[in-house]
Amino acid sequence: MNTRAVSFESSGLRLDGDLHLPAQDAGARLPGVVVCSGYQGLKDIQPARFARALVPAGFVCLGFDYRGFGKSEGRPGRLFPEEQVEDTIAAVGFLTRAAEVDPDRIALVGWGLGGGIVIAAAAAEPRVRAVVSFNAIGDGRRATRAAHDEESWARLLARIEADRTSPESELVPPFDVLPLDRVTGEYAQDELESYAGFGTDVTLESAAALLEFRPEAVVSRLSPRPLLLVHGSENRLNPPDESVELHRLAGQPKELVLLPDVGHTEWMYDDHPTFRQVAELIRSFLERSLGKGSAADAAESNAQSLAE
């Protein structure tokens with residue numbers, strides 16, 4: 001896999017990205033995938049992991065850091081999902097202009113909060129041809145409430161309300177807003193905290209924006225473009241009901257896969273059997289949705305399928 005550092009603008013801010021490229025014939029244009037991080041995510045973590053799985057199958061993958069994260073411009077601590085939707089749409093625009101990418105075959109893959117981001121972005125961006133959403137948030141308030149007990153939820157709401165009258169929004173630890181369950185917390189400690197910038201504080205204004213974020217309100221706009229939802233059945237951070245409800249509200253074509261006995265992140269390692277299973281699900285879905293290889297290869301393959 002070849003990786004090229006890239007940058008592009010979103011709302012006047014320069015965003016930092018990596019374009020991951022498969023070996024290909026000169027001049028060939030391949031299907032492209034924008035891979036989006038979750039809450040506190042960075043391009044070097046899960047987007048790079050999904051790229052390592054998809055690039056060998058012939059997909060060009062773009063990972064990037066949302067505004068305010070990593071080396072991207074923007075106010076640190078400001079995590080507004082709707083602004084991350086804008087950043088994702090800007091990433092789609094960048095990918096349509098990449099010489100290696102077929103602009104008519106672009107998909108989004110999103111993880112966690114990013115699973116909701118890609119749904120909202122595709123609802124607003126017709127150039128997206130297919131969407132894959134993992135462990136998604138469909139309703140920010142409902143999903144955040146599920147991560148709290150009664151006491152911590154009441155405390156968060158009180159802090160958000162008090163913050164509304166402050167001249168500058170208070171910065172708080174990110175997992176005060178979205179607490180991690182034990183298994184996800186152990187994964188974060190073992191696998192994620194070594195990445196510079198992971199676990200940075202967020203504003204309470206950002207928490208309020210998260211509670212207002214509702215991708216399920218726009219998921220029906222994806223149809224007739226295909227949607228794949230995948231969720232761990234034992235996910236204690238983002239409950240599987242989030243994807244179940246997204247699937248109920250989405251138009252056709254749509255697929256829902258609940259992974260038995262699987263949580264949020266404990267399986268997110270390149271060589272883990274569950275991750276390999278998920279990578280195969282994505283590859284198969286994207287090949288069915290976008291075609292495999294160059295546009296000429298995809299046309300030939302479709303013609304052969306029709307002949308059979």
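Author: Let us start with a definition: two strands pair if DSSP finds at least two bridges between them. In this predicted model, strand S9 (residues 227-232) and S10 are joined by six bridges in the parallel sense, and since the cut-off is at least two bridges, the two strands count as paired.

Reader: What is the bridge partner of leucine 228 in S10?

Author: The partner of leucine 228 is glutamate 255, which belongs to S10.

Reader: What makes S1 and S10 the edges of the sheet?

Author: The sheet is open and has eight strands in the order S1-S2-S4-S3-S5-S6-S9-S10, with mixed pairing. Strand S1 (2-10) and strand S10 (254-259) each have a single partner strand, so one side of each is left without a neighbour in the sheet. Neighbouring strands of this sheet are turned against each other by 20 degrees on average, when direction is ignored.

Reader: Which helix packs on the sheet and touches S9 and S10?

Author: That is helix H9 (residues 241-249), whose direction makes about 165 degrees with that of S10. Helix H10 (residues 273-290) lies across strand S3 (30-36), strand S5 (101-111), strand S6 (128-134), S9 and S10, and runs at about 165 degrees to S6.

Reader: Why is the protein chain called as compact as a globular protein of its length?

Author: The secondary structure of the chain comes to 11 helices and 10 strands. Its radius of gyration is 19 Å, close to the 19 Å that the globule rule gives for 308 residues, so the chain is as compact as a globular protein of that length. Along its principal axes, the C-alpha trace spans about 65 × 40 × 35 Å. Of the 308 residues, 57% count as buried, where buried means under 20% relative accessible area.

Reader: What makes a group of residues a nonpolar core, and which residues have the most contacts inside the largest one?

Author: The members must be buried residues from a set of nonpolar types, joined through side-chain atoms within 4.5 Å. The largest such core has 94 residues, and those with the most contacts inside it are Val34, Phe50, Leu62, Phe134, Ile282 and Leu286. Helix H3 (residues 113-124) provides the largest share of this core, eight residues. Leaving aside neighbours within four places in sequence, valine 34 is in contact with several residues, among them Leu62, Phe64, Ala107 and Val109. In soluble globular proteins, nonpolar side chains tend to be buried together.

Reader: How do you know that serine 11 is exposed?

Author: Serine 11 has a relative accessible area of 54%, and exposed means over 50%, so serine 11 is exposed. This residue is found in the loop between S1 and strand S2 (13-21), and serine 11 has a positive phi of about 50 degrees although it is not a glycine.

Reader: Why does aspartate 261 count as exposed?

Author: The relative accessibility of aspartate 261 is 68%, so aspartate 261 counts as exposed by the cut-off of over 50%. Aspartate 261 is found in the loop between S10 and H10, and its phi is positive, about 60 degrees, although it is not a glycine.

Reader: Which peptide bond joins glutamine 252 and proline 253?

Author: A cis peptide bond joins them, with omega about -5 degrees, and proline 253 lies in the loop between H9 and S10. The peptide bond from serine 223 to proline 224 is cis, with omega near 10 degrees. Most peptide bonds are trans.

Note on methods. Residues numbered from 1 in each chain as written. Predicted model: local features only at pLDDT ≥ 70, side-chain atom pairs only at ≥ 80, totals over all residues. Heavy atoms only, no water. Helix = DSSP H or I, 4+ residues; strand = E, 2+ residues; numbered from the N terminus. Axes fitted to C-alpha atoms, helices over the stretch in contact; angles between N-to-C directions. Contact = heavy atoms within 4.5 Å. Rg over C-alpha atoms; globule rule 2.2 N^0.38 Å. Buried < 20%, exposed > 50% of the residue type's maximum accessible area, 1.4 Å probe, protein only.
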